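Here are my notes for a first look at this one. Have the model open while you read, and go through the points in order.

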Amino acid sequence: MYIIVVGAGNIGTPLIEIAAEGGNEVVVIENDEAKAEAAASEFDCLVLHDDATERETLVDAGADRADALISTTDQDATNVMVCLLSKELEIPNIVSVVHNPQHMSLYRQIGVNTMENPQRLIAEYLYRAVKRPSIVDYMRIGDDAEVFEIRVDDDAPIAGMSIQEAADAGHLLSDMLVVAVERDGTGSPITPRGSTVIQDGDILTVYSGEGATPDVTDIFGHFEDR
């Protein structure tokens, strides 16, 4: 893919690294001279020290052949302007960070994909790591539901049970689904079936309609989350 990244700050820099390592052709636009020079010296990509809110800058960055543009600056006004210009230049996939939730309606009107308030997401993730130490990783879906990874302790009620047995015993609730099982840290994850036996040490990817509440994490032997 040909990707234009606007901003080489705290969000843009790791994004540039990930996109470049993924084999994409990356062009960076950064208005701050020091940040532009740092990105140019660190990454094997074209870096333009220029103003992305100017149409000609996006044209110079190759907007006519770009597959995507991602705007990562710390100013919503800048990101909105970049997105508007990108729409005008018919870049097919436009993504932007949004710092102020009150501005979400603007992005919806423009019709771009968004990542809302990344700083808050990081803060929530760190808080969750303290509040629910048993959770390896998680993703919130809607207001309450979550998909999360959790390790099965040896004293877990479901350890040694098949998924069907755990459901029949009432351990796996009706709004819970075991999506994948990672075992011994090797090989591909196991796609679970009703007959799949859950072992202590397994890392399960679980969907829960009520989220990873203490009652839910108890099922996997993590009573410390209370």
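1. Let's start with a term: a salt bridge here is a side-chain nitrogen of Lys or Arg within 4 Å of a carboxyl oxygen of Asp or Glu. R55 and E88 make one through their side chains, with N to O at 2.8 Å. This pair ties together distant parts of the chain, since R55 sits in helix α3 and E88 in helix α4 (residues 76-88), 33 residues apart. Helices (H or I, at least four residues) and strands (E, at least two) are DSSP runs, numbered from the N terminus.

2. Some ground rules before going further. This is a predicted model, where local features need pLDDT of at least 70 and side-chain atom pairs count only at pLDDT 80 or more, while totals for chains, interfaces and linings use all residues. Residues are numbered from 1 along each chain as its sequence is written, and side-chain values use heavy atoms, with hydrogens and water left out.

3. For the cut-offs, buried means under 20% relative accessible area, exposed over 50%, and partly exposed in between (1.4 Å probe, protein chains only).

4. How many salt bridges does the structure hold? There are four, and R65 with E25 is one of them, at 3.0 Å from N to O. Again the partners come from distant parts of the chain: R65 is in the loop between α3 (55-60) and β4 (68-71), E25 is in strand β2 (residues 25-30), and 40 residues separate them. R65 is partly exposed at 47%, and E25 is partly exposed at 41%.

5. E146 is buried, with 3% relative accessibility, whereas R140 is partly exposed at 44%. As background, side chains of opposite charge can pair when their charged atoms come close.

6. On charge overall, the protein carries 14 positive and 42 negative side chains. Lys and Arg count as positive and Asp and Glu as negative, with His and the chain ends not counted. The centres of the two sets lie 6 Å apart, taking the place of a charge as NZ of Lys, CZ of Arg, CG of Asp or CD of Glu.

7. Now the whole fold. The protein has eight helices and 10 strands, and its C-alpha atoms fill a box of roughly 65 × 35 × 30 Å along the principal axes. Its radius of gyration is 22 Å, while a compact globule of 226 residues would have one near 17 Å. That radius is taken over C-alpha atoms, and the globule rule is 2.2 Å times the number of residues to the power 0.38. Of the 226 residues, 42% count as buried.

8. I122, in helix α6 (residues 118-131), is exposed at 53% relative accessible area. E90 lies in the loop between α4 and β5 (93-98) and is exposed at 69%. The phi of E90 is near 60°, a positive value in a residue other than glycine.
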